[in-house]
Amino acid sequence: MASIALENLAHSYLPNPGGNNDFALKEVNHIWEDGRAYALLGPSGCGKTTLLNVISGLLTPTSGRILFGDKDVTASSTAERNIAQVFQFPVVYDTMTVGKNLAFPLRNRGMEAGYVSERVQRIAQMIGLEADLHKKARGLTSDLKQKISLGRGMVRDDVNAILFDEPLTVIDPHLKWELRTQLKSLHREFGHTMIYVTHDQTEALTFAEKVVVMHEGRVVQIGTPKELFETPAHVFVGYFIGSPGMNFIPVSVTGNKAHINGNTIHLHHDYGNPQGDILLGIRPEFVRLSKSDGLPVQINRIQDVGRHKFINATLFDTEINISADEGFEIESDMVKITFDPANMGIFCDDWRLNGKAIDHGNGGTV
Amino acid sequence: MEKTVNQRAWLLVLPVLVLVAFSSIIPMMTVVNYSFQDSFGENIFFWVGLEWYQELLRSERLWDALGRQLLFSFIILMIEIPLGILVALSMPKKGLSASVCLVLMSLPLLIPYNVVGTIWQVFGRADIGLLGRTLSDLGISYNYSQNAFDAWVTVIIMDVWHWTSLVALLAYAGLSSIPKAYYQAAMIDQASRWNVFRYIELPKMRGVLMIAILLRFMDSFMIYTEPFVLTGGGPGNATTFLSIDLVKMALGQFDLGPAAAFSLMYFLVILLISYVFYTVMITIDKDEAKQ
């Protein structure tokens with residue numbers, strides 16, 4: 001086992017890629033540390049699967065290098081890389097029994113029979129297929145077939161990494177939780193590096209220690225679930241993580257002040273004098289409705305979803321969402337909003353700006 | 001619900017009934033009728049009962065032809081099925097070259113049977129044929145009209161040339177239905193090329209291969225035109241397969257009675273073998289699905 005490093009890695013499915021848009025995977029530099037659980041999160045078609053296939057060796061990247069530890073494996077075959085991968089749709093060997101399916105990767109590597117049957121037993125127990133080991137894989141439901149695929153991915157204990165490509169797509173919702181929990185405990189037990197591709201933020205945030213967010217073939221942020229939530233590095237991360245996503249309000253910024261329609265919002269940091277498309281980002285959780293303070297809004301609708309109330313409002317032509325606790329009483333004369341200053345971010349041309357911390361004695365609300 | 005009885009509905013199936021009657025039932029019953037009678041011409045018939053059947057079953061001629069027929073079908077199946085799979089496996093998966101391949105592969109299938117026979121008959125001739133002349137110039141003795149073995153080799157090559165494409169196209173269709181993920185998973189599992197074939201490609205091709213075997217068996221069991229054009233069933237009786245023998249009997253000797261009995265038994269044999277074959281295949285399939 002070793003860390004996996006990607007150096008200037010990029011891939012295009014075209015034979016002679018020209019501009020940036022020809023690349024399904026734009027240049028990425030990243031080190032997957034040994035033994036950690038990562039999630040690769042992004043909408044469909046953002047290059048997640050491409051990245052995964054490049055790591056496992058199913059695709060040879062157009063440019064850049066992949067290192068396992070110190071060893072350059074860019075040109076190595078999948079076999080040499082010794083990586084396990086589970087695909088989105090179940091792949092089982094129809095004519096084999098469940099047990100033989102699980103044993104297949106071990107047999108192909110010439111493991112001895114005793115070890116093979118011990119591992120198969122163990123994995124079968126983990127995925128709950130002990131009773132079915134002698135059944136033919138062909139007649140099983142797709143739930144069970146996908147469990148076999150998962151099992152085949154986990155049966156080798158010497159792999160460098162296990163890659164999951166949206167493995168729970170075909171699994172029933174109630175089983176998803178169970179299997180995800182099993183994957184996590186497996187990770188704790190064996191300490192394999194795991195990379196889990198998904199477009200479901202709940203899945204990503206519950207599975208992984210670190211989440212890699214991808215957007216249009218580019219890695220836009222790598223961070224813990226907390227970091228993604230509190231300090232998204234890119235407008236896309238703000239939208240994609242959280243439900244509803246982050247609010248973005250067009251403003252102009254000078255120093256530690258943001259200006260909107262003649263109103264001034266005091267910021268926690270000094271951003272200098274940024275030029276370009278400037279947006280102020282704030283999560284619905286950090287917007288407060290009030291009677292007297294702040295900026296005027298027009299309330300459009302209120303939704304009660306049980307634990308929260310979601311309020312949709314319009315602030316100078318921009319639609320924003322506000323999240324309030326269930327106990328919060330909304331009164332008819334609450335037509336102003338304030339922002340929690342610690343949780344505001346300023347974005348310039350989609351990317352987050354890092355402001356200079358400044359000393360602001362009075363707490364700096366709006 | 002009240003059922004209305006409307007006998008006029010029969011009118012709807014009448015056209016089909018008439019068609020089937022004229023195309024199959026009446027000719028078939030004529031043959032059945034012939035097989036129980038003897039005729040000396042001038043449309044005078046005598047009832048002979050099962051005599052033709054008994055005589056045929058005792059005659060060596062029929063059994064020899066049947067033996068040759070079974071051997072022939074067996075040989076061409078043993079060649080065409082594996083060869084067709086091999087061709088399908090080595091065909092390009094997509095792009096222009098795949099289309100070109102498919103067209104080229106289909107060409108032999110479009111050539112009429114007797115043209116195939118003529119092509120090879122000329123091609124193999126020792127005096128003017130490209131193949132025959134080349135072989136004899138190389139000092140290899142080859143003459144399909146005198147040597148029984150050479151005649152067999154020629155008929156078999158002809159059939160393989162004509163029909164392997166069919167097997168290949170069917171197998172290719174089976175192969176192209178395999179999702180890419182299967183191959184990727186096999187790479188991850190480090191399966192050897194043989195294992196990929198054995199556990200992924202072959203199981204996925206099973207259905208179409210069953211059809212290919214059945215089609216090729218039935219068709220080769222009825223082979224007539226090619227050996228007829230090549231040597232007329234010779235040299236001697238070497239390539240006299242069942243249908244050639246039948247035609248000799250019915251048209252050459254004009255023995256209507258025995259020929260009719262022959263046709264019926266021939267028909268029953270094909271029906272029986274195909275039925276057994278199909279039932280066995282289907283049963284294996286069902287059993288495997290159940291387990």
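The following legends describe close-up views of a predicted model with two chains in contact, A and B.

**View 1. Overall extent and fold of chain A.** Along the principal axes, the C-alpha atoms of chain A fill a box of roughly 75 × 45 × 35 Å. The secondary structure of this chain consists of 9 helices and 25 strands. Of the 366 residues in chain A, 41% are buried. Where contacts in chain A link residues at least 6 apart in sequence, 66% of them join residues at least 24 apart.

**View 2. The contact between chain A and chain B.** Chain A contributes 23 residues to the contact, and chain B contributes 17 residues. On the side of chain A that touches chain B, helix 2 (78-81), strand 6 (83-86) and helix 3 (98-108) of chain A each provide at least two residues. That side of chain A is made up of 11 nonpolar, 6 polar and 6 charged residues. For the model, the scores are ipTM 0.76 and pTM 0.76.

**View 3. Helix 1 of chain B.** Helix 1 of chain B spans residues 10-35 and bends by about 50° at Ala21(B). This helix is hardly covered, since 2 of its 26 residues are buried.

**View 4. Confidence along chain B.** The average pLDDT of chain B is 86, and 97% of the residues score at least 70. Among the elements of this chain, helix 3 (residues 60-90) of chain B has the highest mean pLDDT, 92. The lowest mean, 80, belongs to strand 2 (residues 45-47) of chain B.

Conventions
Residues are numbered from 1 along each chain as its sequence is written. Chains are lettered from A and ligands numbered from 1 in the order in which they are written. This is a predicted model: local features need pLDDT of at least 70, side-chain atom pairs count only at pLDDT 80 or more; totals for chains, interfaces and linings use all residues. The bend at a residue is the angle between axes fitted to the seven residues ending there and the seven starting there. Helices (H or I, at least four residues) and strands (E, at least two) are DSSP runs, numbered from the N terminus. A residue is buried if 20 or more other C-beta atoms lie within 10 Å of its own, exposed if 12 or fewer, and partly exposed in between; C-beta atoms are placed from the backbone. Two residues are in contact if their C-beta atoms, placed from the backbone, lie within 7 Å. Ala, Val, Leu, Ile, Met, Phe, Trp, Tyr, Cys and Pro count as nonpolar, Asp, Glu, Lys and Arg as charged, and the others, Gly among them, as polar. pLDDT is the predictor's confidence in each residue, from 0 to 100.
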